[in-house]
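Good morning. Please have the model open on your screen.

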Amino acid sequence: MTRSSLLALVLASVASFAAACISVPDGPKKMCDATSDCDHAHGEVCESGVCYGNPPPGPFAAVISPPSTRHDLVPRELASVNIPSNGDLGDLALAAPVLFNGKVVQFCPAPMTDCDTTASLAATIRVARGSQFHGGPGFQTVVNAVAGGSFSIPLPRTEPGDDPFTVTVVPDGGHPAPGVRSAAQQVPPRRLALPLTDNSTNNRIELGGAALPVVSGSLSDALGQGLAGYRVVAIGHWDPTEPTVEVSSVAFTDASGAYAITLSDGLAGTVELVAQPLDGTVGATIHLTNIDATRSTTHAITASAGLGPDFPVSVTVTGVDLSGIVSPIAGATVAITGALNQGSTTFAVNQQIVTGQDGIAAFHVLGGAGIAPSYRVSVTPPAGSPLAAVFAQKLTLPPAPGLALPIRLASRVAVQGAIADAHGALLSNVAVTARPSLRFLWTLDADPQAFVASIPPPTTVTQDGQFVLWVDANIAQVWGEYDLVIEPPITDDAPAFVQPTELARDGTVTTMQLGTIGLPDAAFVHGKITDADGAPVDSAEIKLYQVSTQLALCSEVAHAPTSCPIPATLLGRNPAADGGEVQLALPR
């Protein structure tokens, strides 16, 4: 897995900070009758019974989005939002879209007669643009173009200084039955840069081309027999900072094992050939790396005799439940991975099965002497389980096929505490979620980092202010650090909050007492969301961010991405009420 792929996982995990927000649809409870009842010395003013103002320090940014019914408006990023001491955000204007429309067609070199240059292909069109502020969510929309039809995509207008949109067009038809090769399978995806300052109509996005590189060859087993029915594709990227994706047409090997795929243009670096056996077939996925993306090449791949035959094996997962009884664990995800390297070619086994009520996951792997020593097993318990995850534990195949391998899960650490408001009153019905911190994730190497990011974060709701969460003490010899995302009910007039929590570096510790976590006081701010003409937009939404200017973490950990994508902190979000009025409670 590439670092950019991990970055996508990291950001996907960190993006869940969006939960660290509060919605106040009916406004705070009455707090004042006059400004003298508020903290006027710090700028607070009394309006409609609420003390607005005295916000936390910035810098701030925002994203405002129209309701789904307003097709005449598009989301807008506000890279810099000034919140005055009185908390009045003023008018926040949405923008009218510009349209990008057309159809996706197949390139047909003359004098071919078996393809139709006018018929449009079914395709997925993804339009994206990076955020205009550090750590922001950016813009992304996905549209499915149907075969024989056209597409029309409303987008924010590209203003001077804005980056262009990136348009990625992926033809459908990459997963049909073998032997049925659709027109969409015969052409590769395409990436375009799109600065859009006005409506752009009747565009023809042509997929394929006469001069594009072709990767061809054959797949055969150790006896030289063709491997039929393998799905063959190349993965790579147009931008090296992005995760790898499929960047070629799709082929299924014939009876002789032959394949040929066409690469996209404009690719960055090399590509990797990936050939997967049919679902339900026991076989290794073949990876051939470092293929030149700029010229046509041929590669004949012969599987190693060290892969061996089908070897059925079962993994039985048990653990001690809260009553102290050893029980089978249902709903645990068990993954077996292994690989046999042969020069630049890797034959990989990567299977994942969820245990049944008996705690058993039944696999079929390859039992050859070349790959068997590489097998590792990882176990992810069900969400909220008090049992610990297992990462990359060595798996030794049993002496005979079909025998069970037992795995006993250890206990997680119980993180206990209480949640109180700014005045010390304990709060019930507060949602508390433990998410791995960036420091924890970026201290881990690539594979364990991806594993931790994939573990469902534990969450609970306080009762009489009390909570208990079960978290993993360490993964791959790295001690856990977590961010507790605390979300009070909207009726409490208390802000959401994130509490960093570092576990004790002691394997004998099973419980960590945090005591009472006091939420900060709430600062109330308000504004009005309008359209481009100043008319209020009911049910529009604002997300208000605090932009991080402290990037020291990236130099303190071993595996931070080069771009240091520390996300902006989402302080609050809320839909607009009647008249476009919107109110937020922010943590001071």
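Let me begin with a term: two strands pair if DSSP finds at least two bridges between them. Strands themselves are DSSP runs of E, at least two residues long, and helices are runs of H or I of at least four residues, all numbered from the N terminus. This is a predicted model, in which local features need pLDDT of at least 70 and side-chain atom pairs count only at pLDDT 80 or more, while totals for chains, interfaces and linings use all residues. Residues are numbered from 1 along each chain as its sequence is written, and side-chain values use heavy atoms, with hydrogens and water left out.

Now the sheet that contains β6. It is an open sheet of 3 strands, ordered β9-β6-β12, and its pairing is mixed. At the edges are β9 (151-155) and β12 (200-207), each of which pairs on one side only. From one strand to the next, the twist averages 30°; for such angles, axes are lines fitted to C-alpha atoms, for helices over the stretch in contact, and the angles run from 0 to 180 degrees between N-to-C directions. Strand β6, residues 98-106, runs parallel to β12, and 6 bridges join them. Within this pair, Gln106 lies opposite Leu207 in β12.

The other sheet is also open, with 3 strands in the order β17-β13-β20 and mixed pairing. The twist here averages 20° from one strand to the next. Strand β13, residues 214-220, pairs with β17 over 5 bridges in the antiparallel sense, and Gly217 is opposite Tyr259 in β17.

Next, the backbone. Most residues other than glycine have a negative phi, and most peptide bonds are trans. Gly58 and Pro59, however, are joined by a cis peptide bond, with omega about 5°. Pro59 sits in the loop between β2 (50-52) and β3 (60-65).

Ser48 is exposed, at a relative accessible area of 82%; exposed means over 50%, buried under 20%, and partly exposed in between, using a 1.4 Å probe and protein chains only.

Asp464 also has a positive phi, near 55°, and is not a glycine. Asp464 is in the loop between β31 (459-461) and β32 (466-471), and is exposed, with a relative accessible area of 62%.
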